[in-house]
Amino acid sequence: MARVALVTGGSRGIGAAISKELKSKGYDVAATYAGNDEAAAAFTAETGIKTYKWNVADYDESAAGIAKVEAEVGPIDVVVANAGITRDAPFHKMTPQQWKDVIDTNLTGVFNTVHPVWPGMRERKFGRVIVISSINGQKGQFAQVNYAATKAGDLGIVKSLAQEGARAGITANAICPGYIATEMVMAVPEKVRESIIGQIPAGRLGEPEEIARCVGFLASDDAGFINGSTISANGAQFFV
Ligand code: CAA
């Protein structure tokens, strides 16, 4: 029987590439989205991947959505916590609301996504938790005190989950993408983006598929002894 994978924020950007990669590897994939019904419908029409709408920042919505996915698709074997937002502003201009929105979605959203699937993974003695962090969680970033805090927090989450899940056949790992050609990066002012590309030794932005292939590997049986790790995929922009 095919394994079941859940990808949050899985109908756009890096998440869409991850959903497609896992489908191509034979997983039954469910992708979540927060609000863009049109993009989600187009994604389902293009790929045949089912989409589910909920807000990862809300625990009850996440738990109910996950229960629905498990009833309709099957028990979740692979969970990819990918959904994330930016609310960039220099710290002196950052509002408490910008702080809260990013913490609720990018950090609490990971808790809300993994916590409901964790008991089933423990019972079945298999699980793959993959959290999409960021280069900016490793190095910090001007105007991203909120975002960098969440992405650094993701690394603490997977290192802790790895220790708790190892005996139950569950691995938890993070991927830190560098700057990838997605809407999120394209929203950065062009001049700033050009200067960022200038800091990437590879001389280009990454492609979403280059992150998706990392997920495909971490989800596989071949990656069973990789636990609590961080894979950096950033074109040599930053080394830990
Ligand atoms: N380093 C140092 N200084 C910087 C800077 C940087 N990276 N970016 C901007 N500044 C400077 C500006 O030049 C400006 O200086 P002056 O006042 O001396 O001219 C000052 O900081 C602030 O400028 P503004 O007051 O005009 O700032 P603003 O309130 O309009 O905010 C901004 C602009 C939000 C910072 C905008 O420049 C921006 O979006 N920057 C990009 C931030 C970024 O890289 N985000 C990553 C998004 S992609 C992502 O998050 C995905 C991932 O995981 C990698």
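Analyst: One term to start with: helices (H or I, at least four residues) and strands (E, at least two) are DSSP runs, numbered from the N terminus. With that in hand, Val-69 has its place in helix H3. Keep in mind that this is a predicted model.

User: OK, is Val-69 buried or exposed?

Analyst: Val-69 is buried, because its relative accessible area is 0% and buried means under 20%.

User: What is Val-69 in contact with, leaving aside neighbours within four places in sequence?

Analyst: Leu-6, Ala-30, Tyr-52, Trp-54, Gly-74 and Ile-76.

User: Let's zoom out. How many residues does the largest nonpolar core have?

Analyst: That core has 27 residues. Val-69 is among those with the most contacts inside it, along with Leu-6, Trp-54, Ile-76, Val-79, Val-114 and Val-129.

User: Which elements give two or more residues to this core?

Analyst: Quite a list: strands S1 (4-7), S4 (78-81), S5 (127-132) and S6 (170-177), plus helices H3 (59-72), H4 (96-114), H5 (118-124) and H7 (145-165). The largest share, 4 residues, comes from S6.

User: You mentioned Val-114. What does that one touch, leaving aside neighbours within four places in sequence?

Analyst: Val-114 is in contact with Val-79, Val-129 and Leu-161.

User: Which residues does the second, separate core include?

Analyst: Ala-5, Ile-132, Ala-212 and Ala-219 are included in that one, which has 24 residues.

User: What are the distances from the ligand to the side chains of Asp-88 and Tyr-147?

Analyst: For Asp-88, an N or O atom of the side chain is 2.8 Å from a nitrogen atom of the ligand. For Tyr-147, a side-chain N or O atom is 2.6 Å from a ligand oxygen. Tyr-179 also has a polar side-chain atom 3.3 Å from an oxygen atom of the ligand.

User: How much of the ligand does the protein bury?

Analyst: Taken alone the ligand exposes 1,100 Å², and the protein buries 56% of that.

Terms used: Residues are numbered from 1 along each chain as its sequence is written. This is a predicted model: local features need pLDDT of at least 70, side-chain atom pairs count only at pLDDT 80 or more; totals for chains, interfaces and linings use all residues. Side-chain values use heavy atoms; hydrogens and water are left out. A polar contact is a pair of N or O atoms within 3.5 Å; within protein, one must be able to donate a hydrogen and the other to accept it, and residues adjacent in sequence count only if both atoms are side-chain atoms. Accessible areas come from the Shrake-Rupley method with a 1.4 Å probe; for residues, only the protein chains shown count as cover. A nonpolar core is a set of buried Ala, Val, Leu, Ile, Met, Phe, Trp, Tyr and Cys residues joined through side-chain atoms within 4.5 Å. Buried means under 20% relative accessible area, exposed over 50%, partly exposed in between (1.4 Å probe, protein chains only). Contact means heavy atoms within 4.5 Å.
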